[in-house]
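Visitor: Please take one part of this model and go through it closely. I would like to start with the second chain and see how it relates to its partner.

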Amino acid sequence: MELRPVLVNEDLREPALFSETFHNQLFKIAKPNEIPPNFYKNIKWVLQREHQDYIVKNGVIYIRYKYMNDYEMIWNHTTKTNNLEWFKSQRSMDRINGEDNNTEELDRIIKGFRD
Amino acid sequence: MAADCLQWWLDGTGFTKNIDVKWLRGNNEVIVAENVNIERFEERLGLENFDKKLTKNGDFAEYKNELQRQFVDGVFRELYYVCGTSTITSKANFKITRVKDNFVLSGTIIHYWWDRYDWHKGANTYINGFGYINDSDALLVEKHCGARPYEMRSQWQQSFNKTFQSGFFGGLSIKLK
């Protein structure tokens, strides 16, 4: 199913009931005007780094239903798309691990935060 | 603690309040949330295929990542009246070293707990015995009595030094707990 950005549900009016079982009630799918600025720019890189399988069809990113239904994990991915410090930590980790396949892409993403 | 936090808000300094780690981790929901993040790190470490990447004795790799867990305690628990819903951000920083046929994982997870003590127009809060109290009442206290929202935070660190063996069919089953 289509991957959509997920945010914390600040509008939760009721006390969360059975919050372990119905954990998704703490989150919501972002409305078009709420989509974090770097989400679509950086999400594929985040998914790859998090070992999350996905396909792209006609420019739309699809992931398995069971993954999309774990709102908290998608919220984690969503926040990472805007977390410069996390990208820097991945850059530093790759350097130490001698993995230079992603260097250019990571540098481009990090530069994108500064521009 | 709930009364202490309410007083901090009424005092109106707006200063960040550090919440006592011992008290915070005395709440079962906090430990559950901490463990959820640790288990997620275990899953991710298992997918990194360190047994294939680290082939020679002494080879090592770094693993850095962070995960967040949202949680809320029940309406009969004090933590609910301190923060309602709050977040634990767990930052892992590990070094995995091959030592002969074993893999040694060392490093830390730093857990940052945080929440903002504030109120939202249009929202309400359920208080056991009183029912739903409008956030707008609290906003009036801010407007006319000088109460101010503030940040709450706490942080603690877990250190790890564990040895693992590659499974018969390859792959590492990493258990941090």
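Guide: The model is predicted. With a radius of gyration of 21 Å, well over the 16 Å that the globule rule gives for 177 residues, chain B is more spread out than a compact globule. Its C-alpha trace spans about 70 × 30 × 25 Å along the principal axes. Of the 177 residues in chain B, 23% are buried. Among contacts in chain B with a separation of 6 or more, 68% join residues 24 or more positions apart.

Next comes the contact between the chains. Chain B contributes 18 residues to it and chain A contributes 16 residues. On the side of chain A that touches chain B, helix H3 (71–80) and helix H4 (84–97) of chain A each supply at least two residues. H4(A) gives the most to that side, with five residues. By class, this side of chain A has seven nonpolar, six polar and three charged residues.

In soluble globular proteins, nonpolar side chains tend to be buried together. Here the largest nonpolar core has 18 residues, and those with the most contacts inside it are A:Val6, A:Phe27, A:Tyr71 and A:Trp75. Two or more residues of this core come from each of H3 of chain A and, in chain B, helix H3 (28–47), strand S2 (60–72) and helix H5 (78–83). H5(B) gives the most to this core, with four residues. Leaving aside neighbours within four places in sequence, A:Trp75 is in contact with A:Val6, A:Leu7, A:Val8 and A:Phe27. Another core, of 12 residues, lies apart from the largest one and includes B:Phe50, B:Leu54, B:Phe103 and B:Ile109.

Chain A itself is divided by the domain assignment into domain 1 (1–82) and domain 2 (84–115). Taken over C-alpha atoms, the centres of these two domains of chain A are separated by 22 Å. Six residues of domain 1 of chain A are in contact with five residues of domain 2 of chain A. Helix H1 (residues 39–49) of chain A provides the largest share of the domain 1 side, four residues. The residues on that side of domain 1 of chain A divide into one nonpolar, two polar and three charged.

Technical notes:
Residues numbered from 1 in each chain as written. Chains lettered and ligands numbered in written order. Predicted model: local features only at pLDDT ≥ 70, side-chain atom pairs only at ≥ 80, totals over all residues. Contact = placed C-beta atoms within 7 Å. Nonpolar A, V, L, I, M, F, W, Y, C, P; charged D, E, K, R; others polar. Domains from an automatic or database assignment. Core = buried A, V, L, I, M, F, W, Y, C linked by C-beta atoms within 7 Å. Buried ≥ 20, exposed ≤ 12 C-beta atoms within 10 Å, placed from the backbone. Rg over C-alpha atoms; globule rule 2.2 N^0.38 Å.
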